[in-house]
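Good morning, and thank you for coming. Please look at the sequence and the structure on the screen while I describe them.

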Amino acid sequence: MVPAYSPEVQPQKKPAKSSNCVKNTLNSIRSHLSSHPRFWLFIAFLWIQALIISIARTPPPCFPDRTATAAAAVAAVPVPTPLRFTPPHDDAVSASNSKSATNATQPEPPPARFNDDCPSGRVYAYELPSVFNRDLVLQNCTDLDRWNWECGIISNHGYGRAASELRRILPGDLYKSWYHTNQFTLEVIFHHRILKHKCRTLDPEIATAFYIPFYAGLAVGKHLWTNDTAARDRHCKTMLRWVKNQKHWKNFNGSDHFTTVGRITWDFRRLTDPGQKWGSSYLNMAPMQKIARFIVEKFPGDEMDVSVPYPTGFHPKTKENLLQWQNYIRDNNRQTLFTFIDTNQNWADNDLRKLLMDYCKEEPTCRHVDCAVSDCPTNSSVTLNPLLESEFCLQPKMESYTSKSVFECMVAGAVPVFFWKTSAAAYEQYEWFLPGEPESYSVLIDHDDLKNGTSSVKEFLMRYSKEEIRKKREKLIENIPRIIYAKPNGGIKSFKDSFDIALDGVLERIKEEKEWADFL
């Protein structure tokens with residue numbers, strides 16, 4: 001049976017039915033408008049707002065502006081002949097070229113933009129001219145040197161030479177996870193890890209984010225102690241001109257790009273004031289306002305700075321290596337109350353570091369390490385052994401708010417002791433990596449109480465019970481994976497370290513910003 005309103009059966013009735021329907025609908029709308037005028041006025045107001053936003057397509061102020069036009073293209077920097085610097089080596093490009101040659105007739109399908117391993121998308125690493133990375137690394141100095149901060153960066157993809165001397169103090173194979181790591185090697189480690197990462201893509205068209213492997217810390221650091229401010233900015237300006245000339249920079253004006261900076265933020269924020277002569281103006285340059293950067297210490301007011309932990313010498317290859325270390329420092333017999341590692345004896349008389357050094361030399365419950373006379377850089381046991389045997393480690397304020405020594409202290413399972421509220425609060429900037437409450441893993445002693453003699457370090461620390469110390473240490477042990485840089489064995493490891501957390505975080509952030517821009 002054909003339905004009653006089939007056009008084949010009753011074509012002549014459809015116009016009348018449609019006409020009645022339209023009239024009824026119009027009468028209904030007219031009646032509803034007259035009965036609810038305020039409701040429809042509100043709907044009209046919302047519609048006008050949506051129309052204005054759609055036309056403007058402007059992201060909210062918490063996200064980078066993606067509508068600004070790219071600067072005029074400039075000539076690309078010519079690529080000089082690479083030096084013999086081998087790490088980091090781009091095996092993926094070589095493998096890709098090899099596959100293309102052998103399977104020219106059967107091209108492989110491109111990888112998915114998102115999958116279970118890469119839920120936030122993929123990262124594309126620029127192949128910068130070597131003048132911006134490889135050529136900046138000191139070639140002929142492979143181990144740490146107290147007189148040359150650039151030494152040791154070239155070795156072992158930035159991890160440094162193996163600390164084989166630790167076999168004398170560590171049980172089993174624990175020493176194999178330790179290296180002589182330069183504190184300024186962050187850029188080299190990140191570069192190597194990104195080239196090996198499972199979410200790296202060789203196809204920029206499917207990338208969520210773009211990594212700029214510029215070794216800014218090395219480029220600027222070479223000129224920090226000279227009066228040539230132009231030299232400190234030269235590599236930075238040239239690199240930014242090169243990147244801005246790339247096609248994929250222009251798509252979002254650089255706001256889907258990120259990089260790594262191996263020195264504290266204050267070394268890159270020279271102002272235009274002639275009286276301000278320290279550092280480079282790199283992070284104050286206009287294109288850098290779009291680029292996210294991983295940095296060991298950030299500027300509190302700059303949301304594009306993302307603080308990541310300083311590299312320490314501990315780089316386990318597997319989860320088993322990590323668990324062995326965590327169990328070892330948890331059960332190790334700590335016979336010393338606290339340790340102070342001193343790197344300089346030329347402190348002023350009113351400097352807290354001088355006070356602590358003199359106090360520690362006379363206090364039986366303190367272990368004093370004098371790196372001015374001991375070979376701390378090339379003999380890791382000089383500093384690691386006292387930390388392993390101590391409940392606490394003293395961390396007075398240095399030239400900057402944060403320091404590598406605090407992370408070395410934590411990795412050894414010693415509870416850090418701060419002397420300024422600002423020092424303790426400074427570690428809240430590592431919110432991706434450390435607990436939000438510094439008191440859960442550290443101790444704060446007021447420096448004024450020590451200077452005026454109303455308290456002593458020993459007296460204060462003796463107030464903590466064994467159980468309270470155990471809880472603080474357990475919090476440190478729990479967070480060790482988040483504050484170290486693993487050394488994957490053939491790219492295989494089974495835990496997330498600082499690098500993984502940082503890369504996942506920036507990919508997710510850029511992915512969400514792009515989705516928000518598309519939504520608007």
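I begin with a term: pLDDT is the predictor's confidence in each residue, on a scale from 0 to 100. A second term is contact, meaning heavy atoms within 4.5 Å. This is a predicted model, in which local features need pLDDT of at least 70 and side-chain atom pairs count only at pLDDT 80 or more, whereas totals for chains, interfaces and linings use all residues. Residues are numbered from 1 along each chain as its sequence is written, and side-chain values use heavy atoms, leaving out hydrogens and water.

For the protein, the mean pLDDT is 83, and 76% of the residues reach 70 or more. Over residues 55–87, pLDDT stays under 50, and the model has 60 contacts beyond four places in sequence for this stretch. Residues 99–104 also have pLDDT under 50, with one contact beyond four places in sequence.

I turn now to helices and strands, which are DSSP runs numbered from the N terminus (helices: H or I, at least four residues; strands: E, at least two). Confidence is lowest in helix α3, residues 91–102, with a mean of 50, and highest in β4, at 98.

Two strands pair if DSSP finds at least two bridges between them. In what order do the five strands of the open sheet stand? The order is β1-β4-β5-β6-β7, with parallel pairing. Because β1 (123–125) and β7 (305–307) stand at the edges with a single partner strand each, one side of each is left without a neighbour in the sheet. From one strand to the next, the twist averages 30°; angles run from 0 to 180 degrees between N-to-C directions, and axes are lines fitted to C-alpha atoms, for helices over the stretch in contact.

Helix α4, residues 186–195, packs on this sheet and touches β1, β4, β5 and β6 (292–295). The direction of α4 makes about 140° with that of β5.

Let us consider β5 itself. Strand β4 (residues 209–212) pairs with β5 (residues 257–261) in the parallel sense over three bridges. F210 has H257 as its bridge partner, and Y211 has F258. With β6, strand β5 forms four bridges, also in the parallel sense, and T260 stands opposite F294 in β6.

Is β5 buried or exposed? Buried means under 20% relative accessible area, exposed over 50%, and partly exposed in between, with a 1.4 Å probe and protein chains only. Five of the five residues of β5 are buried, so the strand is largely enclosed by the rest of the structure. H257, T259 and V261 point one way, and F258 and T260 the other.
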